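Let's take a friendly walk through a protein model. Keep the sequence and the picture side by side as you read.

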Amino acid sequence: MNIQSGTYYWPTTLPDAQAYPSIQEDTECDVAIIGGGSSAAQCAYYLAERGLKTVVLEKGRIGAGSTSTNTAIIQYSGEKMFTSLANTFGEKYIAEHLTLLKQAIDDIEEASRRVELDCEFRRRDTLYSASCPEDVDRLRNEYEFIKRHGGEVDFWTKEKIEAHYPFSREAAIYSYGDGELNPYRFTHALFQYAAERGVKVYEHSEMNGHHYDGDLQRMMISTKNGYNVQARHVIFAAGYENMDIRKEKQASFVSTYTVTTQPVTDFSTWHERTLLWETARPYIYIRTTADNRVIIGGLDENTMYPDDRDSKLIHKTSMLLEEFNRRFPAIPVESAYSCAAFYGGMVDGLPIIGKYEEFPNCYFLLAYGDNGAVYSQLLSKIIIQEIAEGHSPDMERYLQDRPLIK
């Protein structure tokens with residue numbers, strides 16, 4: 001799958017990233033992880049303390065796929081409102097989902113503190129604004145749901161927004177305690193942490209075959225460089241490229257665009273450097289970085305053709321910069337990096353752990369959606385709990401055939 005193109009900021013923040021060898025022998029393991037991005041790293045992190053022999057197979061370099069384009073806005077709210085999700089799954093179901101997402105953010109923060117490399121995790125507040133007057137009522141309902149279920153949020157009026165920002169909106173949810181992250185450094189930090197605790201990480205070791213041996217009760221994986229891995233369990237954590245291994249009918253894709261600016265010298269008109277997004281579809285989202293750049297993303301296009309996606313990049317870059325200037329006219333910005341990429345979500349609005357009959361003892365980690373890093377932390381924790389302990393009480397909630405309300 002041709003998932004992205006353009007120029008990427010995150011890899012420049014770790015130019016001396018640790019390299020790993022390619023696999024050079026046949027091996028047996030308890031768990032094989034297919035993929036070398038952030039979701040694979042989060043799985044490896046949780047397995048590092050479990051005493052299970054673990055092998056990671058990455059077809060190229062660690063963090064070189066969607067991790068390099070991930071804007072890593074760390075929030076529990078997502079594109080589909082909790083009130084909408086509650087209509088599908090029930091309020092109790094989604095209230096528990098909200099609680100798990102908040103815990104996943106805490107888990108990301110804890111992981112960032114435990115590793116040696118600075119992952120540039122920072123707690124940030126979020127302004128989620130109504131893009132038009134018609135969105136105010138449903139935004140207020142969303143605020144009341146989050147507040148009712150333990151979220152630390154305020155409902156801001158037009159007057160309060162105008163008092164804190166150089167732009168105006170009819171209303172907004174102001175959320176406390178969200179965050180931002182450098183996903184590339186986070187991924188490398190987690191793999192380094194896991195490797196130091198015995199997890200075998202292999203780059204340039206692409207899987208090119210797999211089958212289940214019923215007699216051995218093992219998944220048999222072959223690699224392009226001629227070696228075989230026998231695994232009791234396999235976690236397919238290859239991001240969007242999981243779709244090349246096994247399609248999931250609930251997954252849907254669009255094309256999205258991102259600009260990372262040159263460093264900015266003055267953020268005085270940007271209240272608390274909050275994370276910014278909105279109810280419009282397609283929407284704009286904005287954050288800052290540890291070295292004072294601005295990341296502006298969005299303006300999604302409903303196309304799955306790489307050539308069509310990429311042909312719009314120059315125009316979308318200009319549009320994203322214009323959108324930022326409308327909001328912050330006193331902050332001059334200039335593009336330093338811009339990229340186009342596929343962006344996946346789930347039709348029903350929740351991420352998925354795929355467990356399929358034709359893949360015994362396997363898990364497909366499908367953390368698709370606008371909170372991919374948070375979803376990955378949550379799903380990887382559940383998967384590793386089931387592998388290591390035999391059961392996770394939260395597994396059923398995220399399976400591909402999870403129950404809907406009647």
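Which residues does Ile235 touch, not counting residues up to four places away in sequence? In this predicted model, Ile235 touches Val31, Ala32, Ile33, Ile34, Cys43, Leu47, Tyr363, Ile383, Ile384 and Ile387. Ile235 belongs to the largest nonpolar core, which has 106 residues. Within that core, Ile33 and Ile235 touch the most other members. Apart from it lies another core of 26 residues, and Tyr257, Leu313, Phe324 and Ala340 are among them.

Now look at helix 9, which runs over residues 372–389. Most of this helix is covered, with 14 of its 18 residues buried. Its length can be checked too: at 1.5 Å a residue, the 18 residues should span 26 Å, and the end C-alpha atoms are 25 Å apart, which agrees. After helix 9 comes Gly390, which has a positive phi, near 90 degrees.

| Helix | Residues |
|---|---|
| Helix 9 | 372–389 |
| Helix 10 | 395–398 |

Arg397 sits in helix 10. Is Arg397 buried or exposed? Arg397 counts as buried because its relative accessibility is 13%, and the cut-off for buried is under 20%. Its side chain makes a polar contact with the side chain of Glu96, at 2.9 Å. Leaving out residues up to four places away in sequence, Arg397 touches Tyr93, Glu96, Leu100, Leu350 and Arg402.

Note on methods:
Residues numbered from 1 in each chain as written. Predicted model: local features only at pLDDT ≥ 70, side-chain atom pairs only at ≥ 80, totals over all residues. Heavy atoms only, no water. Helix = DSSP H or I, 4+ residues; strand = E, 2+ residues; numbered from the N terminus. Buried < 20%, exposed > 50% of the residue type's maximum accessible area, 1.4 Å probe, protein only. Polar contact = N/O pair within 3.5 Å; in protein donor to acceptor, adjacent residues only side chain to side chain. Contact = heavy atoms within 4.5 Å. Expected span 1.5 Å × (residues − 1). Core = buried A, V, L, I, M, F, W, Y, C linked by side-chain atoms within 4.5 Å.
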